[in-house]
Amino acid sequence: MLAYFKPSDYCNVGCDHCYLPVEVRANKSRMTSETLRAATDTVRDMVKRQRAPGAMIIWQGGEPLALPQAYFKECCEYVREHMPDAQQSVQTSLVPYRASWAPSVHEFFNGCIGSSVDFSQRTLKGSADAYLDLWLTKVEAARADGAHVIPGTVPSKGELGRGRHITQWMYENSFPEWNIDRYNSFGVEDPMRPTNKEHSEFLTEVFDEVMSFARRGIFMRVNTVVAALLGILNNQPGDRWGGSCSRDFIVV
């Protein structure tokens, strides 16, 4: 069972491809204890009824690290108390990360941080390079605290034709594992969203470059590459969009 818990919509980072409107991201209201209790009960019941081997609770947002640390810790402690066999992880921009978060990262997330990174949609004072420099600074801070950062990127029109470059960038910055998600638009036409063909071509560039590294004995784990290989070798549907969403995937 894969469950995304969103304790707040609030986010202090602006991304062009975010599915939440700016006014929603400005809302600092938080998930209540009643909602958290109901969500945990729901996931626990789904695990039992599906006879699933376990559950993964992913804390996302909004920006979870923009929450008060005491509140976030209480949420994680509640899940651990009522679903002691469940794994927990966090998905963050890393921008608000500081050393005081390290104890919770190790206590609840096994020292791992999932972090979104983008190569054109996010800027700092108009500069994508300045944003990337800041993000890498936060990565180094987390690594200094003993954390393992796994990047996730959402290719927009700005990343088209850069699949090989981005793969090389991940290698040069010591990311042996990273993920790619689809740029989605909800109810509106988004000029930055690649077409299915363009997105597929980007994935092909990444696949070819990952295979090129592998032939030299350098191995990366990229979710879309793994999905492609499993599709060919085992006839498995790619990633989580294989028709099982209503059974083993939930967002609260």
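Helix α2 passes helix α3 in a right-handed crossing, meaning that the near helix is turned clockwise from the far one by less than a right angle. This is a predicted model, in which local features need pLDDT of at least 70, side-chain atom pairs count only at pLDDT 80 or more, and totals for chains, interfaces and linings use all residues. Residues are numbered from 1 along each chain as its sequence is written, and side-chain values use heavy atoms, with hydrogens and water left out. Helices (H or I, at least four residues) and strands (E, at least two) are DSSP runs, numbered from the N terminus.

**Where α2 meets α3**

- The axes of α2 (residues 33–50) and α3 (residues 69–82) come within 11 Å and cross at roughly 35 degrees. Such axes are lines fitted to C-alpha atoms, for helices over the stretch in contact, and angles run from 0 to 180 degrees between N-to-C directions.
- On the α2 side, the contact (heavy atoms within 4.5 Å) is made by Leu36, Arg37, Thr40 and Arg44. Their counterparts in α3 are Cys75, Tyr78, Val79 and His82.
- Sorted by type, the residues of this contact are four nonpolar, two polar and two charged. Here Ala, Val, Leu, Ile, Met, Phe, Trp, Tyr, Cys and Pro count as nonpolar, Asp, Glu, Lys and Arg as charged, and the others, Gly among them, as polar.

**The sheet**

- Eight strands form an open sheet with parallel pairing, in the order β7-β6-β5-β4-β3-β2-β1-β8. Two strands pair if DSSP finds at least two bridges between them.
- At the edges are β7 and β8, each of which pairs on one side only.
- Strand β1 (residues 2–5) runs parallel to β2 (residues 56–59), and four bridges join them. Within this pair, Ala3 has Ile57 as its bridge partner, and Tyr4 has Ile58.
- With β8 (residues 249–251), β1 pairs in the parallel sense over three bridges. Leu2 is the bridge partner of Phe249 there, and Ala3 stands opposite Ile250.
- Four bridges also link β2 to β3 (residues 87–92), again running parallel. Trp59 is found opposite Val90 of β3.
- As background, strands of a sheet pair through backbone hydrogen bonds, either parallel or antiparallel.

**Helix α7 and its surroundings**

- Helix α7 (residues 196–215) has 20 residues and reaches 28 Å from its first C-alpha to its last. That is close to the 28 Å expected at 1.5 Å a residue, where the expected span is 1.5 Å times one less than the number of residues.
- Its buried residues are His199, Phe202, Val206, Glu209, Val210, Met211 and Phe213. Buried means under 20% relative accessible area, exposed over 50%, and partly exposed in between (1.4 Å probe, protein chains only).
- Their cover includes α6 (163–172), β6 (177–180), β7 (221–222) and α8 (223–234).
- Val210, in α7, counts as buried because its relative accessibility is 3%. Leaving aside neighbours within four places in sequence, Val210 is in contact with Thr167, Met220, Val222 and Val225.
- Val210 and Ile232 are 22 residues apart in sequence and 16 Å apart in space, C-alpha to C-alpha.
- Thr224, in helix α8, also counts as buried, at 17% relative accessibility. Not counting residues up to four places away in sequence, Thr224 touches Ile180 and Leu203.
- From Thr224 to Trp178 there are 46 residues in sequence and 9.6 Å in space, C-alpha to C-alpha.

**Backbone points to look for**

- Most residues other than glycine have a negative phi, and most peptide bonds are trans.
- Asn110 is not a glycine, yet has a positive phi of about 55 degrees. You will find Asn110 in the loop between α4 (102–109) and β4 (112–116), and it is exposed, with a relative accessible area of 68%.
- Ser174 is not a glycine either, and its phi is positive at about 65 degrees. The loop between α6 and β6 holds Ser174.
- Just after α7, Gly217 takes a positive phi of about 80 degrees.
- Gly61 and Gly62 are joined by a cis peptide bond, with omega about 15 degrees. Gly62 lies in the loop between β2 and α3.
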